[in-house]
Amino acid sequence: MERRVPVLHLEGVTRDEFLQRIYPQRKPVVLKGIDLGTCTTKWTVDYLSQVGGNKEVKIHVSAVPQMDFISKNFVYRTLPFDKFIQRAAEKKHSTYFISEDEKYYLRSLGEDPRKDIADIRKQFPLLEGDIKIPDFFEKEQFFSSVFRISSPGLQLWTHYDVMDNFLIQVTGKKRVVLFSPRDAQYLYLSGTKSEVLNLDNPDLSKYPLFFKARRFECVLEAGDVLFIPALWFHNVISEEFGVGVNVFWKHLSSECYDKTDTYGNKDPTAASRAIQILDRALKTLDELPEEYRDFYARRMVLRIQDKAFSSNYE
């Protein structure tokens, strides 16, 4: 039986309340009534087309609503920003790449995505004055601000990020489903992403443990801010055409993070090293017959549970 938990909604939270009462809980929360500036009323399709101009943007184009980053069931294309945003707001297209009901998704990038992080203030400087990013973390902790625009009906794959994150829903409506890091074992991971695409009707013959995952859920309206703690899995469905901004910040010391990470989703360097060591240990076990390999693998699992699992989280 699938377990569903509504995400807590809180109105008018101050910085001090967030840092002292909410943040230490390490659970997602929808913050309502936060002053986000004029963006919630100004950022119409026409306004964004005009201000964004014909700057070229790289976008995901998918023939189906459920995008899958593992099988890559989408293509990358480039469009001028004003053309892209007009197309993304349509349900049917007279001009298209794959099909007349294709879906579009923009995740803004730095000038050189291999070296530069996304920062809305740099990539879209004319929009900077419209949005107030909640100052609930120190300025030096800031990592990136990512402009996200989705066609209506588009669903992004379930994944986790390694940094804390505010998902600011500027316009439109999104449904967000989240899973605790403690439920990673039920999500059938491939890297940072879950193989389970259809959360509402999962194939339990293929993913029999998925029903054990506790599902946290909320609907974000324009002006809402969702706090997504690092390592929490999230899946986003754009119920309407909408514009959002993700703000990521570092809550660990800078040395913990991979210096080549421009997206905020590469595992911390210590975790990457530990996984490499584990892979070498498992390869060493291959030298044994199956009966012994099974026995010592189970002992290794018990050792990891004993030494590294925490009892401080639900």
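**Note on the predicted model: sheets, cores and ring pairs**

1. An open sheet of four strands, with mixed pairing, has the order S1-S12-S9-S14; strands here are DSSP runs (E, at least two residues) and helices are DSSP runs as well (H or I, at least four), numbered from the N terminus, and two strands pair if DSSP finds at least two bridges between them. Strand S1 (3-6) and strand S14 (233-238) stand at the edges with a single partner strand each, so one side of each is left without a neighbour in the sheet. From one strand to the next the twist averages 25 degrees, where axes are lines fitted to C-alpha atoms, for helices over the stretch in contact, and angles run from 0 to 180 degrees between N-to-C directions. Within this sheet, strand S9 (residues 174-179) and strand S12 (residues 214-220) run antiparallel and are joined by six bridges, and Phe-179 has Arg-215 in S12 as its bridge partner.

2. Residues are numbered from 1 along each chain as its sequence is written, and side-chain values use heavy atoms, with hydrogens and water left out.

3. The domain assignment of the protein chain, whose bounds come from an automatic or database assignment, gives domain 1 (5-256) and domain 2 (269-308). The C-alpha centres of domain 1 and domain 2 lie 35 Å apart.

4. A sheet of nine strands is also open and mixed in its pairing, with the order S2-S3-S13-S8-S15-S7-S6-S4-S5. Its edge strands, strand S2 (8-11) and strand S5 (75-80), each pair on one side only. Strand S8 (residues 164-171) and strand S15 (residues 242-249) run antiparallel and are joined by seven bridges, and Asn-165 stands opposite Phe-248 in S15.

5. Which strands does helix H1 (residues 15-22) lie across? Helix H1 lies across S2, strand S3 (29-32), S8 and strand S13 (225-228), and runs at about 165 degrees to S3. Helix H4 (residues 81-88) also packs on the sheet, where it touches strand S4 (56-62), S5, strand S6 (103-107) and strand S7 (142-150), its direction making about 115 degrees with that of S5; contact means heavy atoms within 4.5 Å.

6. Strand S6 deserves a separate point, since five of its five residues are buried, buried meaning under 20% relative accessible area, with exposed over 50% and partly exposed in between (1.4 Å probe, protein chains only). Lys-103, Tyr-105 and Arg-107 point one way from S6, whereas Tyr-104 and Leu-106 point the other way, and all are buried. S4 and S6 pair in the antiparallel sense over three bridges, with His-60 having Tyr-105 as its partner in S6. S6 and S7 are likewise antiparallel and joined by three bridges, and the partner of Leu-106 in S7 is Ile-149.

7. The largest nonpolar core has 42 residues, and those with the most contacts inside it are Leu-31, Trp-43, Phe-81, Phe-84, Phe-147, Ile-149 and Phe-166; such a core is a set of buried Ala, Val, Leu, Ile, Met, Phe, Trp, Tyr and Cys residues joined through side-chain atoms within 4.5 Å. Leaving aside neighbours within four places in sequence, the contacts of Phe-81 include Leu-48, Val-57, Leu-106, Phe-124, Phe-147 and Ile-149. A second, separate core of 18 residues includes Phe-143, Leu-199, Tyr-207 and Phe-248.

8. Rings of Phe, Tyr and Trp (its six-membered ring) count as a pair if their centres lie within 6.5 Å, with planes under 30 degrees apart called stacked, over 60 edge-to-face and the rest tilted; by this rule there are 24 aromatic pairs. The rings of Phe-124 and Phe-147 have centres 5.0 Å apart and planes at 65 degrees, so the pair is edge-to-face. Both of these residues, Phe-124 and Phe-147, are buried. Phe-227 and Trp-249 form a stacked pair, 6.1 Å centre to centre with 20 degrees between the planes; Phe-227 lies in strand S13 and Trp-249 in strand S15, so the pair ties together parts that are 22 residues apart in sequence.

9. In helix H3 (residues 45-52), Tyr-47, Leu-48, Ser-49, Val-51 and Gly-52 are buried, and what covers the buried residues of H3 includes helix H2 (39-42), H4, S7 and S15. Just after H3, Gly-53 takes a positive phi of about 65 degrees.

How values were computed. Predicted model: local features only at pLDDT ≥ 70, side-chain atom pairs only at ≥ 80, totals over all residues.
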